[in-house]
Structure formats: C-alpha cells, structure tokens
Amino acid sequence: MPQTQTAVSGRKKRHIPEGTWTQCPGCKARLVTKALERNQRICPECDFHLYVSAGQRIEQVLDAGTFEEWDGNLLAGDPLKFTDSRAYVDRLEAERKKTGLSDAAITGTGMIRARRVAIGITDSQFIMGSMGSVVGERLTRLVEKATEQNLPLIIVSGSGGGARMHEGIFSLMQMAKVSAALARYDQQGGLFISVLTNPTMGGVAASFASLGDVVFAEPKALIGFAGPRTIKATIRIELPEGFQTSEFLLEHGFIDRIVTREKLKAEIARTIDYCGK
Amino acid sequence: MDDYLEFEQPLADLDQKINQLQQQSDDSAESAEQIRELQRQLTELTRETYGSLTPWQTVQVARHKNRPHTIDYLSLVFDEFVELHGDKLFGDDRAIRVGFASLDRTKVMVLGHQKGRTFNDRTENYFGCAHPEGYRKAMAKMRMAAKYNLPVICLIDTPGAYPGIGAEERGQAQVIAENMYEMSRLETPIICIVIGEGGSGGALGIGVGDRVAVLEHAYYSVISPEGCAGILWKGAQHAEKAATALKFTSDHLLKMGIVDDVIPEPLGGAHRDHHKMAATMRSYLGKQLKDLKQQEMSTLLEGRYEKFRRIGEFVESEAVS
C-alpha cells in the first residue's frame with residue numbers, strides 16, 4: 001500500500017509503541033488494541049472474534065481464581081528427531097518463549113458459575129495450535145479424569161495446524177486416542193461441550209472438536225477439514241463466499257449454536273443445567 | 001516392462017537382456033545356463049533393491065499402478081464378496097467398497113478404499129479419496145456387522161480424505177471423528193491393514209481396530225510427503241526430504257509401536273505377484289481372526305482402547321507445575 005506509506009512518512013515521525021494498533025483479520029479495520037482488549041478482542045466493526053490466548057480464555061470462561069492446571073509437567077519429546085528449516089526441539093523452545101506455554105493445550109479444572117468442570121483449551125499460537133503427543137495426552141487425561149470425577153467437559157479448540165507434522169504418525173494417532181477416551185466418557189453419560197474458535201482445522205476438527213454433545217462456535221471462525229488452499233489446488237475453482245465459516249457449518253447442520261464470546265460462559269452454564277450435570 | 005519404476009532401471013535392463021536371450025536362444029545347454037545365471041542375478045538384484053528402499057522409493061511402490069487394490073484382495077483373498085452399497089443418507093461413494101465376505105467359512109464384513117486403475121475407474125473413485133458418505137457407509141455397515149457378530153476387516157489405501165466443497169458441506173471432519181469414536185467401542189473384532197497409502201485422517205477414518213498391520217512397502221503418515229514439503233520446505237519438490245523426515249515406512253511403524261505386524265510382500269513388491277500377496281494376507285487374516293474371536297468382548301475392547309491409549313512420546317517431569 002504505497003499511499004499509506006507516503007502518508008505516514010510525510011508526517012513528522014512520532015513514536016507509536018508496537019502493538020498500539022491491531023488489524024482485524026475479518027474486515028481489515030485498524031483497531032486500538034487497548035479498546036479491543038476491553039471488548040474481549042471482538043472487532044466492534046464486523047464482530048470478528050480475534051485470537052485470545054489460552055490464559056485469557058480461562059479468565060473469560062472460568063470463575064476468577066478457580067483454575068487448577070493438570071498435567072502441566074508433560075513436555076514434548078522428539079520421536080522422529082525432526083528437522084526442517086530448524087530442529088523441532090529448537091522450534092519448541094522458540095514457541096515456548098513466544099507464547100509462555102509449554103505446549104499447544106492447557107488442561108485442568110475450575111468453576112463456571114459455581115459448577116465444577118474439566119476444561120481444555122488449545123492455543124492457536126503454539127505451532128499453529130497443532131496436536132502432538134503432549135496435546136493428545138493432556139486431553140486424553142482430561143477426558144479420563146472427567147469420566148472418573150463425573151465432571152462436565154469443556155474443550156475450546158483453536159488450531160490451524162491440526163495434527164502436528166513434526167511428530168509424524170504419533171500426532172495422527174492422538175486423534176484416535178482422544179476420540180476413544182471421549183467414547184468412554186459418553187458411555188458413562190458425560191456431557192461434552194465443544195467450543196470451536198478461529199481456526200479449527202484438520203486433525204483437530206476431525207477428532208475431539210467435532211465430538212461434542214453440544215457444539216458451539218464463535219462467529220466467523222474458519223472451521224473445516226481440508227485447508228482452503230488445499231481445496232482450491234485440488235478442484236481449481238474459486239471457493240464460495242463464507243465457505244468453512246461458523247455460519248456455513250451452522251447452515252449445513254454441524255454445529256448447535258453460534259455463541260458470541262461475551263455470552264460463552266453463560267451459555268455453557270445453561271447447557272450444563274439443562275443436561276442436569 | 002513398462003511397469004518398472006525409475007529407480008528400478010538396472011532391474012529393467014537385466015530383465016530386457018534375459019528376454020532378448022530367450023528370443024534368440026538356440027536351445028543349447030550353454031545359452032540355457034546363461035539365462036539361468038542372469039535370472040539368478042535379477043533375483044539377487046531385486047532382493048537387494050527391495051531390501052533397502054529409500055522412504056521416497058517406498059512411496060512410489062505403494063502408489064504403483066499395478067499394486068493390488070482393495071477389489072483385487074476382495075476377489076483373491078475371500079471366497080465370496082457381496083457388496084453392500086450406500087450410506088442411506090446421501091449416496092454411494094465408490095472410493096470405499098464394503099460388503100459381506102467369507103474366508104474359510106468365517107463370515108466377515110470387509111471394507112476398503114478403492115483407487116482404481118483405469119482413468120475412468122480412478123475418476124469414479126476419486127483416486128481413493130473418500131467423501132463423507134463413504135465414511136458413513138463404512139460405519140453403517142460396521143455397526144451392522146457388530147449386530148450380527150461379524151468381524152470387520154478394513155483395507156486402507158488412500159492418499160487422504162477428499163478435499164472439496166461437497167466434502168466440507170457434508171461434514172468430512174465430523175465423519176472421520178465419529179468413525180474413530182464408534183470404532184473404538186464397536187463390539188466385534190476389527191482388523192485394519194494398510195495395503196498401500198495410509199493417508200492421514202482419511203486412513204484413520206477406517207483405521208481403529210484390535211490389530212493394525214501394514215504391508216512391507218506400504219506407508220502410513222500424518223500428511224502426504226508432498227503436503228508436508230509444501231508447508232515445511234515451501235515446495236512439493238522437496239517431497240523426498242519430507243518422506244525421509246516423517247519416518248512413515250513399515251520398519252519405523254513397527255519399531256515405534258504404531259502397528260502390530262508388518263506383512264511381508266513378494267519379492268519385488270506386491271505388484272509383482274498378486275496371488276502370492278493375497279495368499280500371505282489370507283493366512284494372516286485367518287490367524288488373527290481365530291485369535292480375536294476367542295477373546296471375551298470386554299477383554300477385546302479393553303485391549304483396543306489400551307492399544308491407542310499408550311501411543312505418544314513425551315517427557316513427564318517430576319516437578320508438578
């Protein structure tokens with residue numbers, strides 16, 4: 001955008017700290033970051049729900065100070081000794097520094113309006129929110145504990161990456177592992193509320209994220225199996241407007257409700273009450 | 001001759017030489033001996049070549065146009081196959097075939113991805129890339145199998161689940177998730193064999209069972225080597241590098257505890273001898289079915305759960321964070 005550049009450089013240089021502005025991925029509007037944070041990172045122009053970290057999500061959904069983490073001591077191995085442009089172990093280290101997380105999922109327990117729940121959140125910023133052995137193991141243990149302790153289960157998904165390539169076949173098998181645990185939880189009458197956020201794709205969409213008794217999605221999230229680029233490369237036609245969005249999925253019958261972020265906590269609590277959990 | 005792969009050129013040359021000699025042969029003991037010697041050399045060279053295939057060569061063998069596909073096994077391994085069509089919801093996906101079959105008086109439900117060999121077949125079958133209706137059809141017939149105590153046999157051979165508009169509209173992610181979920185608790189024995197390409201979620205959608213085996217030169221991967229190269233090396237031309245890095249060949253899969261068994265292929269790959277491959281598979285299935293049918297249902301289901309439950313590589317530090 002040369003015009004903008006001229007306009008900016010034409011002006012007398014002022015120091016604007018990095019991060020003052022955030023661009024909305026939905027409508028491209030430039031938003032004041034602080035105001036955006038006050039609005040739970042929902043774009044006031046187009047209602048796009050921007051990324052929130054796993055930590056912020058916990059604050060938004062759980063009663064203050066009630067979260068207790070489970071299995072935070074699990075750390076990724078490197079079963080394939082995988083290296084692309086950099087070694088997987090170095091990539092993990094860099095992602096940990098960048099996000100402050102040990103891997104792409106946090107799990108634990110906490111209260112939602114005084115109802116105890118088991119909760120898992122995948123963070124789409126840690127290697128694209130992809131599922132390797134640690135994410136798979138943490139979620140499986142979460143489901144197993146929810147089964148043992150008879151707790152409602154909430155998993156908030158955000159993953160552009162799906163199954164993590166760097167752990168190869170181990171990552172793929174996590175899909176089966178978590179799904180099998182959910183089947184047992186279901187058999188015991190457990191209530192699983194799956195919340196889909198932007199983006200939920202690939203092996204995450206094709207496993208636990210789609211297996212909720214009730215599936216919620218934030219507005220305008222990208223949700224699907226194959227990535228839009230892969231589909232375009234395969235069928236060589238333009239994809240329809242709104243393809244693979246929450247609204248598209250609702251229309252095609254795959255999610256129960258589109259729920260805005262400020263109502264998420266109340267909607268979860270109400271569902272738990274309806275299901276008598 | 002034209003079915004030799006690029007890396008098999010030395011084998012093709014030797015084969016051609018033998019053919020020439022056979023045509024020119026004067027039936028003398030001398031020329032017969034010469035031919036026998038060359039045939040010995042060819043066997044030896046084939047053994048060497050196939051004993052040390054690179055991961056990328058394995059991918060080419062797994063995709064070989066003459067490699068036996070699901071319908072070849074249906075006719076060569078089983079005494080009878082009675083196809084059951086349709087998911088009773090949307091359609092009859094030709095990328096997955098399913099039906100009753102019998103194997104030495106054992107009645108089973110068998111299903112598998114079907115790629116197709118001719119251009120028309122391949123187009124009709126979407127190159128073995130199933131749509132949601134294919135996975136739903138498979139699951140519906142598996143449920144029926146459990147109802148009538150028929151063991152289930154799944155033959156996996158797909159580059160991946162189909163990436164397209166219709167597939168997304170009809171819930172590709174949802175059906176793959178649901179199949180794993182239902183298969184993990186399906187009350188009948190399930191044997192899964194990767195016969196060619198085990199392509200990601202599309203493979204796993206019919207891949208949860210009590211036994212998971214892979215043919216010697218098949219592969220089973222989280223992503224295609226081309227797909228992985230495109231993302232991590234910024235170009236599909238680096239597929240060979242990705243194939244090596246992903247460690248998806250049968251030896252690795254066995255060592256890493258992903259599969260229970262590696263089923264050996266005839267010399268030079270399954271495509272060289274369909275009958276021999278089918279006979280090996282038949283004896284493998286017979287043995288496994290006998291073993292699994294003896295197990296109590298609760299033991300079987302517990303074993304199946306544990307089999308997937310233990311997969312994962314991580315470090316568990318003592319200090320609880």
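Reader: Which residue does the side chain of A:Arg41 meet in a salt bridge?
Author: In this predicted model, the side chain of A:Arg41 meets that of A:Glu37 in a salt bridge, with an N to O distance of 3.0 Å.

Reader: And are those two buried or exposed?
Author: A:Arg41 has a relative accessibility of 12%, under the 20% limit, and therefore counts as buried, whereas A:Glu37, at 34%, counts as partly exposed.

Reader: What about chain B, what does B:Glu37 pair with there?
Author: B:Glu37 forms a salt bridge with B:Arg40, and the closest N and O atoms of that pair are 3.1 Å apart.

Reader: Where do B:Glu37 and B:Arg40 sit in chain B?
Author: Both belong to helix H2, which covers residues 29-51 of chain B, and because they are three residues apart, about one helical turn separates them. As for accessibility, B:Glu37 is partly exposed with a relative accessible area of 33%, and B:Arg40 is also partly exposed, at 45%.

Reader: Why would such side chains pair at all?
Author: In general, side chains of opposite charge can pair when their charged atoms come close.

Reader: How many salt bridges does the structure hold over all chains?
Author: Over all chains, the structure holds 44 salt bridges.

Reader: Back to chain A, what is the partner of A:Lys177?
Author: A:Lys177 forms a salt bridge with A:Glu137, and here the closest N and O atoms are 2.7 Å apart. A:Lys177 lies in helix H6 (residues 168-187) and A:Glu137 in helix H5 of chain A, so the pair ties together parts that are 40 residues apart in sequence.

Reader: Buried or exposed, that pair?
Author: Both A:Lys177 and A:Glu137 are buried.

Reader: Which residues are linked with them in a network of salt bridges?
Author: The network links A:Lys177 and A:Glu137 with A:Asp71, A:Arg141, A:Glu144 and A:Lys145 of chain A, and also with B:Arg309 and B:Glu316 of chain B.

Reader: Changing topic: in the largest nonpolar core, which residues touch the most other members?
Author: That core has 165 residues, and those touching the most other members are A:Leu153, B:Phe78, B:Ile193 and B:Tyr220. Helix H6 of chain A gives the most to this core, with 12 residues.

Reader: Now the backbone. Which peptide bond is cis?
Author: The peptide bond from A:Asn198 to A:Pro199 is cis, with omega near -15°, and A:Pro199 lies in strand S8 of chain A, residues 192-200.

Reader: What is phi at A:Lys28, and where is that residue found?
Author: A:Lys28 is not a glycine, yet has a positive phi of about 65°. A:Lys28 is found in the loop between strand S1 (21-23) and strand S2 (30-32) of chain A, and with a relative accessibility of 52% counts as exposed.

Reader: And phi of A:Ile127?
Author: Phi of A:Ile127 is near 40°, again a positive value in a residue other than glycine. A:Ile127 has its place in the loop between strand S6 (115-122) and helix H5 (133-149) of chain A, and this residue is buried, with a relative accessible area of 9%.

Technical notes. Residues numbered from 1 in each chain as written. Chains lettered and ligands numbered in written order. Predicted model: local features only at pLDDT ≥ 70, side-chain atom pairs only at ≥ 80, totals over all residues. Heavy atoms only, no water. Helix = DSSP H or I, 4+ residues; strand = E, 2+ residues; numbered from the N terminus. Buried < 20%, exposed > 50% of the residue type's maximum accessible area, 1.4 Å probe, protein only. Salt bridge = Lys/Arg side-chain N within 4 Å of Asp/Glu carboxyl O. Core = buried A, V, L, I, M, F, W, Y, C linked by side-chain atoms within 4.5 Å.
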